[in-house]
Amino acid sequence: MPPRNWTIAEIRSALESRKLSARELATDYFSRIERENPRLNAFLALSPERAFAQADAIDAKIARREPLPPLAGVPTALKDVLSTRGTETTCGSRILKGYVPPYDSTAIERLDRAGAIFLGKTNCDEFAMGSSNENSAYGPVHNPVALDRVPGGSSGGSAAAVAAGLAVVSLGTDTGGSIRQPGALCGVPAMMPTYGRVSRYGLIAFASSLDRIGPFARTVDDVARVMEVIAGRDPLDATSAGLPVPSYTAALSEPVKGLRLGIPREYFAEGLDPEVRKKVEAAIARLRDLGCIPTPIEMPHMPYAIPVYYLIATAEASSNLARFDGVRYGLRVAGSTLGEMYRKTRGAGFGAEVKRRIMLGTYALSAGYYDAYYLKAQKVRSLIKGDFDRAFRQVDLILAPTSPVTAFRLGERTADPLAMYLADIYTVTGSLAGITAISVPCGKANGTLPVGLQIMGPHFEEGRVLRLAHAFEAAGGFSL
Amino acid sequence: MKISREDVLRVAELANLELSGAEIETYGAQLASILSYCEKLNELDTSAVEPLAQILVARKETQDKDDAQHLREDSPRDAGIIRDVIQRAPEAATSDPPYFRVPKVIERGE
């Protein structure tokens with residue numbers, strides 16, 4: 001049986017040397033999934049028909065001795081909020097049960113053209129709203145590191161699939177931490193690109209001023225390879241940026257000596273688990289050994305980021321989710337009038353957390369409260385972005401924990417929504433500022449549960465973030 | 001911060017959500033708790049601060065100069081997928097052209 005920790009480069013060389021075919025590789029991954037998914041619940045739908053067609057196309061290229069595309073034969077999992085032509089896409093919600101999109105998201109179409117093999121769709125919090133994957137209508141994902149614990153969220157299935165070796169890479173989405181935090185809790189590298197770096201066409205929107213698409217992988221090199229494929233301007237997404245996409249893999253080999261690394265005091269204050277702190281501080285020490293220069297900085301508006309995020313994200317969600325009304329797709333619950341049909345469909349189709357956020361967002365936007373909540377939040381968002389602008393004039397990158405805690409037990413935190421929101425404190429700041437960040441493993445708390453180091457970089461500096469992450473990985477940082 | 005039952009019902013009406021009696025109770029209490037926490041923002045004087053709605057608007061230098069801030073002509077074109085889209089609807093008429101079917105529309109507040 002092929003190894004569980006394949007990298008993209010190893011797959012490429014195995015295919016080129018004809019040690020195995022893409023079809024054999026895909027077959028092997030589907031049998032792993034069949035065997036192990038029942039206890040993880042990471043996949044909601046599989047797409048073997050499409051996967052084998054993709055694999056056969058790669059095998060045909062190999063037979064004809066044609067050059068292989070960059071992700072040839074790479075078994076890939078896709079978060080269920082990304083539209084996939086011909087494969088059920090539910091966003092983890094009852095309201096979209098049975099919905100099969102007629103087109104691919106741009107990011108997915110790019111992976112397809114790059115030769116990736118689509119295993120299926122991964123479980124997530126309903127409409128990407130959650131930090132534990134417990135808000136999925138199809139049951140929670142179990143963390144492969146400890147099955148009684150959450151994988152993080154919202155992209156819990158994408159993180160768990162890669163961590164368990166059921167996929168080589170996966171795509172997730174990050175609105176307030178939904179790529180980085182499950183990456184940290186499952187112990188795999190996970191990148192949130194800059195706002196505008198990756199087209200969101202075909203992503204079923206949660207909060208449009210915050211949503212990003214990005215990769216999970218087992219190595220930083222693999223993250224860079226996926227980023228090179230999915231990044232870039234797309235005429236179908238007006239918010240995608242026209243800046244050229246540099247070679248992220250080439251950036252990995254550049255030196256890190258002399259990089260100034262900001263250590264913001266506010267991210268190491270009260271609320272940080274002492275075991276997480278210990279690992280993150282050890283990571284900073286390891287980077288100092290590599291010649292980087294840790295520099296204390298201040299980001300004074302960080303303590304305001306949670307209310308800003310939850311007001312803005314829910315306001316945008318209340319508008320984006322208005323489209324689920326029983327008319328065009330998914331569930332419809334009969335009503336005698338159009339309005340009654342809307343209300344019954346949405347009341348029955350959405351889960352508790354989605355309804356809670358729609359209510360909060362609608363309240364924040366409603367007459368009489370708009371200025372006090374939504375507008376105020378947008379103003380403080382300016383201040384939070386200002387903290388990052390100032391910091392990046394002083395330092396090259398910023399280091400922080402990804403999550404204040406390690407993977408918690410399933411059911412342990414569901415009773416108090418506000419307490420769950422507060423744990424997003426280290427990730428929502430970067431979301432609001434539009435910057436890029438990666439979470440990489442930096443050892444395990446008490447030797448058992450993974451801890452994530454967050455490396456944040458300025459807008460469109462993915463190459464610099466990946467370069468430091470790669471140097472950290474090469475220096476053994478992942479297993480501190 | 002107090003959220004009354006009437007407040008919850010008004011917001012649910014705006015959001016087109018049918019809520020059960022238990023949901024009205026729970027959401028009332030939870031919204032009150034979350035919004036009280038949000039009042040922390042009032043510690044900051046923002047009278048001289050501009051609201052930030054979109055990151056990229058603040059970064060015009062990231063746009064192509066030849067694609068005019070990414071605005072395209074507002075002209076309709078046939079994507080050729082009408083039937084493909086309509087057949088996914090809970091209820092549709094497959095006439096030519098096809099259309100979505102909805103219950104009879106009566107003014108809101110019936």
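Predicted model: local features only at pLDDT ≥ 70, side-chain atom pairs only at ≥ 80, totals over all residues.
Residues are numbered from 1 along each chain as its sequence is written, and chains are lettered from A in the order in which they are written.

- The axes of helix 10 (residues 305–320) of chain A and helix 13 (residues 371–394) of chain A come within 9 Å and cross at roughly 125°, where axes are lines fitted to C-alpha atoms and angles run from 0 to 180 degrees between N-to-C directions.
- Among the residues of helix 10 of chain A that meet helix 13 of chain A are A:Val308, A:Leu311 and A:Ala315, with contact taken as C-beta atoms, placed from the backbone, within 7 Å.

**The side of chain A that touches chain B**

- The contact between the chains takes 58 residues from chain A and 48 residues from chain B.
- Helix 13 of chain A gives the most to the side of chain A that touches chain B, with eleven residues.

**A covered helix**

- In helix 15 (residues 425–433) of chain A, nine of nine residues are buried, meaning that 20 or more other C-beta atoms lie within 10 Å of a residue's own.
- Helix 15 of chain A is followed by A:Gly434, whose phi is positive, near 80°.

Conventions: Helix = DSSP H or I, 4+ residues; strand = E, 2+ residues; numbered from the N terminus. Contact = placed C-beta atoms within 7 Å. Buried ≥ 20, exposed ≤ 12 C-beta atoms within 10 Å, placed from the backbone.
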